[in-house]
Every structure is written in structure tokens, then in C-alpha cells.
Amino acid sequence: MNYRHAYHAGNFGDCLKQALLMWLVERLQRKERPIAVFDTHAGAGAYDFGSTEGMRIGEWKEGIGRLLSDPPVALAAYVALVQEIMQDAEGAFPGTPLLVRRLLRPGDRLVCCELHPEEYASLKRRFAGDRQVAVHHRDGWEALKAILPLEPRRGLVLIDPPYEEPGEFARLAAGLGAAQQRFPTGVLAAWYPIKHRAPVRDFHEALAAGRLKDVVTAELYLREPTDPARLNGAGLLVARPPYEFAPAARAILDALSERLGQGEPGGGAALLRITGG
Ligand SMILES: C[S@@+](CC[C@H](N)C(=O)[O-])C[C@H]1O[C@@H](n2cnc3c(N)ncnc32)[C@H](O)[C@@H]1O
């Protein structure tokens, strides 16, 4: 387990994931009934841009760093939320658990799994004594089968693995299938990297041929995805997207593309329907 999210926190892929995640959680909260959110690969919770890792690569500068001042309208609520959390966390950038926690109403719940001992310890500390949040030192893939369906039975599962092992797309497709079978009323969201076109196309094709229902993907490209050694784009798959996801995601994608684009050929965004309901 070599992956450390601190190197990548706040990059364009994180902004895509977080802005859409925020929209999904708030949409689920339009109904009064409580919701549960399950973050299967939750990370450390918050990331210090001034740390060795944050400074060394500095991916955040081309991501959230370009949004913090004068954010586009479609991203204004997301950026305001990030800034609010950063103020309370002594400048640290929120990972998905902190972002979701800020959105929870009394009665809503957050469940997190994190396998790396240090990341887990840091997340556990952040939520010590918080009765709305459960943090488990546990394999997120295994927990997907054991924990679902969530209680309450309305909610969202975020699957955000590190993609450091071969076969992670196949594992994701299988995990999504198992999750939808056990939690058919839930919204599923999964982040994935776009380096080269081929593995992403194979992933889409495997989903289209499988049993996962009602799947759309929101993808952002910085450039043509032809170099397997670079993160050229990122996607968020959403199964059972709530009503009006498509126009909201389109607006978020367009704003991200406009502000974070680097003027390279093949940059842009796409919203694709992969399977029907
Ligand atoms: C991309 S990061 C997730 C970050 C988090 N969702 C966020 O956006 O703030 C992936 C995390 O998964 C953890 N991880 C790796 N394999 C895991 C597994 N099998 N189960 C749970 N966590 C795992 C890594 O240690 C890493 O912190």
C-alpha cells in the first residue's frame, strides 16, 4: 500500500469528485428522511498543502488552487464549503469524509473504511467522539459486501480506490455489481483515473454488458488520454443518479473544464450514459 492521497489531494480529479459528491448528497437530502453515506476508501480526512507531500507535487495548485478565488457560478457552493472547512481545519484541505460530514444533518450517518494504518489513525482521530460517523480499519471491498445495505436505507456509497494494483477496473465493476445487488435503492458513485483511453473503454463496455443498472459517467479530460504514465483525465461513475443529475453534472463539468483546462488538444468533458434503468 504505497498510495498516499496527500500527493494528489485538491487536484482536478478531486475537484470533479467532490463537487459532484456534494451535489449528490444535497439532492438526497431534499427529502426529510435521514440518509447514510459509505466511503469505502476514505483516506486520512484532511490534507495539508504545506506538508512535504503536498508541496512536492503540488497538484492542488492546478486544481482547487485555480478555483479558490472568484469561482465559477456552478462551483461557488462547493468552493465555499471547502473554504469553510479549511478555515476550521487550520488550512487543511478536506478529503471526502470531512466534506460529507459537513453536509450531514442530525440523523444522517457516515461510515468510513480505510486500510492504511496511518491514514486510518488520522481519520479515526478526526472523528473521535462523533456519534454520526463510524470509522473502520477495514478492507473497503470486503466491507461493501458485509456492510450493505446501509441503515437508514437511503443514501450513497462512494468507491474511491487508489488504482495502484492491476485489475482495479475489473474489481470496481464487480464491487459495483455486488453493491447494487445488496443496496438496490442506493446511489453508487465511483471515481476512476483516465490515463489511456483503452482501459476506460473496456470498463464502460464491461459495465454495458453487465447487470449494473442506470449508470452514467461524468468525465473531465485535461488532454487526449494517450499517455498511460500521466493522469490525463478523471471520471465519476454514478449508478441510480438522482433526478436532474445530468444538467447539474454538465454545468459542473463545463465550469471545471473552463477553469482547470490547460489548453491542450483533447481537453474537455463528457457525460455518458452507460446502461439504462
Ligand atoms: C484515493 S484515496 C481516497 C481518498 C478519499 N476518498 C478522499 O477523496 O478524500 C484511496 C484510499 O484508499 C486506501 N485503501 C487502499 N486499499 C484499500 C482497501 N482495500 N480498503 C480500504 N481502503 C483502502 C488508501 O490508503 C487511500 O487512503
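**Notes on the loops, helices and ligand shell**

1. Let's start with Glu90, which sits in the loop between helix H3 (76-88) and strand E3 (93-94). Helices (H or I, at least four residues) and strands (E, at least two) are DSSP runs, numbered from the N terminus. Glu90 has a phi near 50 degrees, a positive value in a residue other than glycine. Is Glu90 buried or exposed? It counts as exposed, because it has 8 C-beta neighbours inside 10 Å. Here is how that label works: buried takes 20 or more other C-beta atoms within 10 Å of a residue's own, exposed takes 12 or fewer, partly exposed is in between, and C-beta atoms are placed from the backbone.

2. A word on what you are looking at. This is a predicted model, in which local features need pLDDT of at least 70 and side-chain atom pairs count only at pLDDT 80 or more, while totals for chains, interfaces and linings use all residues. Residues are numbered from 1 along each chain as its sequence is written.

3. Asp214 is another one to look up. It is not a glycine, yet its phi is positive, at about 55 degrees. You'll find Asp214 in the loop between H8 and E8. Asp214 has 16 other C-beta atoms within 10 Å, so it is partly exposed.

4. Now for two prolines. Which kind of peptide bond runs from Leu148 to Pro149? That bond is cis, with omega near 0 degrees. Pro149 belongs to the loop between helix H6 (140-147) and strand E6 (155-159). Pro152 is also in the loop between H6 and E6, and the bond leading from Glu151 to Pro152 is cis, with omega near -5 degrees.

5. On to the whole chain. The protein chain has nine helices and 10 strands. Its radius of gyration is 17 Å, close to the 19 Å that the globule rule gives for 277 residues, so the chain is as compact as a globular protein of that length. That radius is taken over C-alpha atoms, and the rule is 2.2 Å times the number of residues to the power 0.38. Along the principal axes, the C-alpha atoms fill a box of roughly 45 × 45 × 35 Å. Of the 277 residues, 45% count as buried.

6. How does the chain fold back on itself? Take contacts between residues at least 6 apart in sequence: 78% of them join residues at least 24 apart. A contact here means two C-beta atoms, placed from the backbone, within 7 Å.

7. The expected span is 1.5 Å times one less than the number of residues. Which residues of H8 are buried? They are Phe203, His204 and Leu207. Seen down the axis, these fall within an arc of 95 degrees, so they line one face of H8. The arc is that of the directions from the helix axis to the C-beta atoms. As a reminder, an α-helix has 3.6 residues a turn, so residues three or four places apart point the same way. The face of H8 turned away from its buried side carries the exposed residues Ala198, Arg201, Glu205 and Ala209. The buried residues pack against helix H7 (168-182), strand E8 (215-221) and strand E10 (268-275).

8. Helix H9 can be read the same way. Its 16 residues (245-260) should span 22 Å at 1.5 Å a residue, and the end C-alpha atoms are 21 Å apart, which agrees. The buried residues of H9 are Ala248, Ala249, Ile252, Leu253, Ala255, Leu256 and Leu260. They cover an arc of only 165 degrees around the axis, which puts them on the same side of H9. Pro247 and Glu258 are the exposed residues on the face turned away from that buried side. What covers the buried residues includes helix H1 (12-28), E8 and E10.

9. Last, the ligand. How many residues surround it? There are 20, and the closest are His41, Gly43, Gly95, His116 and Gly140. By class, the shell has eight nonpolar, seven polar and five charged residues. Ala, Val, Leu, Ile, Met, Phe, Trp, Tyr, Cys and Pro count as nonpolar, Asp, Glu, Lys and Arg as charged, and the others, Gly among them, as polar.

Key
Near = placed C-beta within 6 Å.
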